[in-house]
Amino acid sequence: MVEYSPMRHTFVVYVEDKPGVLNRIASLFRRRAFNIESLTVGHTETAGVSRMTILVESDTHGARRLEANLYKLVNVLRVHDITSGPAVYRELAMIKVSTESADTRTHVMQLVDVFRARVVDVAPVSVIIETTGTEDKIDGLLEVLRPYGILELVRTGRVGMVRGSESVMVEPPEPPRSRSTTPTDDESVSYSV
Amino acid sequence: MSSMRTGAQIIWESLVREGVDTVFGYPGGAILPAYDAMLDYPVRHVLVRHEQGATHMADGYARASGKVGVAIATSGPGATNMVTGIATAMLDSSPIVCITGQVGSKLVGSDAFQETDVTGVTLPITKHNYLVSHVEDIAPVIHEAMYVAKSGRPGPVLVDITKDAQQSSTELQWDPSCVRLPGYRPDLSPSDEEYQRAADLINGSKRPVLLAGHGVLLSDAMGLVRKLVEKADIPVAMTLLGIGGFPALHPLNLGMMGMHGEAWVNQAIQEADLLLAFGMRFDDRVTGNVKTYAPNARKIHVDIDPAELNKNVKVDVAMAGDLSMVLESLLSRVETGRRLPWLSSIFEMKGNVAVRDIQNLPDSGHLYAAHVINDIWRLTDGKAIVVTDVGQHQMWEAQYYHHEEPRTLITSGGLGTMGFALPAAIGAKLACPDKEVWVIAGDGGFQMTMAELATIAQEKLKINVAIINNGYLGMVRQWQEFFYERRYAATPLLSPDFAKLAQCFGLRGETVETRAAVVPTVEAARADDGTVVIDFKVEQEDTVYPMVPAGADLQDMIRRPSMAPIVETADDE
């Protein structure tokens, strides 16, 4: 029997930076009935390689299955479940808060200071606050700001990195194939079906 | 001489360099440049009657030969018609490459005529797929596609090539050593410790059973499996797709396991103290209720796909790797041993087989599918390639045709695709032209793809077709009989006169309604140079026994009621 241990797992997934790869990853989660809580993707230190941080609700058994299935995707280079080890997690949020009076603005600014967040835009009746931290910290800031009226909120989702000098090394991928000609501009080519 | 080639030429040049000499396809607008170039290359093109047929043919070709099968079609409907065949190949790990034309790259995304996002549609049912819109990418992608399809756990790969990429020209640079797949790892191997734990479990077991799956065939591990079980005296049960992986008449062969496996096979699994699951994936049709599956058995699972390990059944030793490679290393660690008490207890479970041998039953005037299939087995010495469809006849084939050799049973197991048999048989025949090929199909599935009879006629192929015609969608009817109070919703089936139908296609057709006519008709069909379609009008409401209902415990099978037609005694009239 597999014991049930509900848990959130954070995966760092290195993928080839090619069209359609995000779709392949998302399709895999959908097809295998895993629910993505957050997914972030961006460039890495290696050209041609993208890095995803995927937060997913799953027990350990499911996480192992997910890892194995991710590896089945031809464009996936490396999967690292960083849940159990020490790691730094961050999320960035931008929060637009209503500040109808100068008074409320002062209150909001004080809260921003306490949470070590920043005001990045001030308008007559609103401010935009930028904050970086763990999900808990952002949740906490949101809770105290909510009474003032949150007009708009955007969160990036979690990114993570393992502590210490250990690095999730990735072989640099082969350079993209050279394209000597520009075939789409070839006069002899017809585009009708 | 200039090495400039059009993309269309590169497609064929690449395929020929990959050793492809036969493709199955259907032309259309977006693939026309490729078809035009095809005439200049040494490739046999089999014109199908529906693109689904092309994929099943490529699949049958792959399963019969072990080589990659290639199917080709145009964009849009041509490509979407391939979906069922691709999904079939995916679930049965069959290496096929499908090449589809796509509208010109400037039109992609514009809902152009016959445009479908085929890489999107086939994403979850291919091992990998490609959209190629630059002529330079065609050769490397086809090379990669063939490699991905065949290596590791085989599967279907689709290559969608835009029309302008086919029409553009470039210098052909063929580099067979170059595969740019940094994330693809088909060559995993278990650790030394895992080998030792596996060997210890085998050496310490008293009641082991080896479960042989499709992986035994895909890895060409038949000889090694046989060496192992003969060395350590381990009986072998097979999955449907594992049939042929171990000789049927070998004394250690138990037969097929699972939903329609013989009772003693499932009983042996339930009583085993060790299961050696080789190249199989504990499908629900094999395990029944996983909570009560082989409760006393430790489990060793060898599979080339790590995602299959600990997926359905938790195992004690999970070994990811190619089965042949694993067995090479494992064999020397396994001790020679005899397991007489275990084998004799299985022999007791089995009972007296002779009284159940349907050949010993007198002719009751009824024609049963089991007799037909058993007679085909005897007359072909169990050496024909049999390609089945899906349903009752498929299970009877597995029970009554005893396969001695690998790659002689070709059947859609995982997806259970009706309509598979006839086109897959065409592929098998082209892969093995010297082999005798039989189609065994039901009246339902046969009608799904029977247009491919025209392909057989056009290609002048010799295939024997046995239609097990009971006037019902028999397996569904059987489920309705057991689980839906015999309310036969939409299962009675009117069919054309199949013998006359065959004649319309220029083939020979026969109808058999009595048991006495089975042998002479089968013999005449075998002797005929051309394809013969035989319509066997069998008992209408016959049932496949035994049966483990879906999700039930493996030991809780529905047995044949003693008064039913093929009884387990010899005094049936």
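**Notes on the predicted two-chain model**

1. Starting in chain B: strand E18 (residues 464-469) and strand E20 (residues 532-537) run parallel and are joined by 6 bridges. Within that pair, B:Ile468 sits opposite B:Phe536 of E20(B). Keep in mind throughout that this is a predicted model, and that local features need pLDDT of at least 70.

2. That pair belongs to an open sheet of 6 strands in chain B, with parallel pairing and the order E16-E15-E17-E18-E20-E19. Its edges are strand E16 (409-410) and strand E19 (508-512); each has a single partner strand, so one side of each has no neighbour in the sheet. As background, strands of a sheet pair through backbone hydrogen bonds, either parallel or antiparallel.

3. Another parallel pair in chain B is E2 (residues 22-25) with E3 (residues 44-47), joined by 4 bridges. Here B:Val23 stands opposite B:His45 in E3(B). To get from E2(B) to E3(B), the chain passes through helix H2 (residues 32-38) of chain B, and this β-α-β crossover is right-handed.

4. Next, helix H9 of chain B, residues 192-204.

5. Which residues of H9(B) are buried? They are B:Ala198, B:Ala199, B:Leu201 and B:Ile202. Looking down the axis of H9(B), the buried residues fall within an arc of 160°, so they line one face of the helix. The general rule behind such a pattern is that an α-helix has 3.6 residues a turn, so residues three or four places apart point the same way. On the face of H9(B) turned away from the buried side are the exposed residues B:Asp192, B:Glu193 and B:Gly204.

6. What do the buried residues of H9(B) pack against? The list, in chain B, is strand E9 (208-212), helix H11 (222-232), strand E12 (274-278), strand E13 (298-303), strand E14 (317-320) and helix H14 (323-331).

7. B:Ala198 deserves a look by itself. Why does B:Ala198 count as buried? There are 26 other C-beta atoms within 10 Å, and the cut-off for buried is 20 or more. Leaving out residues up to four places away in sequence, B:Ala198 touches B:Ile300, B:Val317, B:Met319 and B:Leu330. Of these, B:Met319 is 121 residues from B:Ala198 along the chain, with the two C-alpha atoms separated by 8.9 Å.

8. On the nonpolar cores: the largest has 198 residues, and those with the most contacts inside it are B:Ala71, B:Val97, B:Val159, B:Leu211, B:Phe278, B:Val439 and B:Ala466. Helix H7 (residues 135-150) of chain B gives the most to this core, with 9 residues. Apart from it lies another core, of 11 residues, which includes A:Val108, A:Val127, A:Ile129 and A:Leu141.

9. B:Val159 has these contacts beyond its neighbours within four places in sequence: B:Val97, B:Ile99, B:Tyr130, B:Val132, B:Val141, B:Ile142 and B:Ala145.

10. Finally, chain A. It has 4 helices and 9 strands, and along the sequence chain A reads β-α-β-β-α-β-β-α-β-β-α-β-β. Of the 193 residues of chain A, 27% count as buried. Among the contacts in chain A between residues at least 6 apart in sequence, 74% join residues at least 24 apart.

Terms used
Residues are numbered from 1 along each chain as its sequence is written. Chains are lettered from A and ligands numbered from 1 in the order in which they are written. This is a predicted model: local features need pLDDT of at least 70, side-chain atom pairs count only at pLDDT 80 or more; totals for chains, interfaces and linings use all residues. Helices (H or I, at least four residues) and strands (E, at least two) are DSSP runs, numbered from the N terminus. A residue is buried if 20 or more other C-beta atoms lie within 10 Å of its own, exposed if 12 or fewer, and partly exposed in between; C-beta atoms are placed from the backbone. Two residues are in contact if their C-beta atoms, placed from the backbone, lie within 7 Å. A nonpolar core is a set of buried Ala, Val, Leu, Ile, Met, Phe, Trp, Tyr and Cys residues joined through C-beta atoms within 7 Å. The arc is that of the directions from the helix axis to the C-beta atoms. Two strands pair if DSSP finds at least two bridges between them. A crossover is right-handed if, with the strands pointing away from the viewer, the path from the first strand over the helix to the second runs clockwise.
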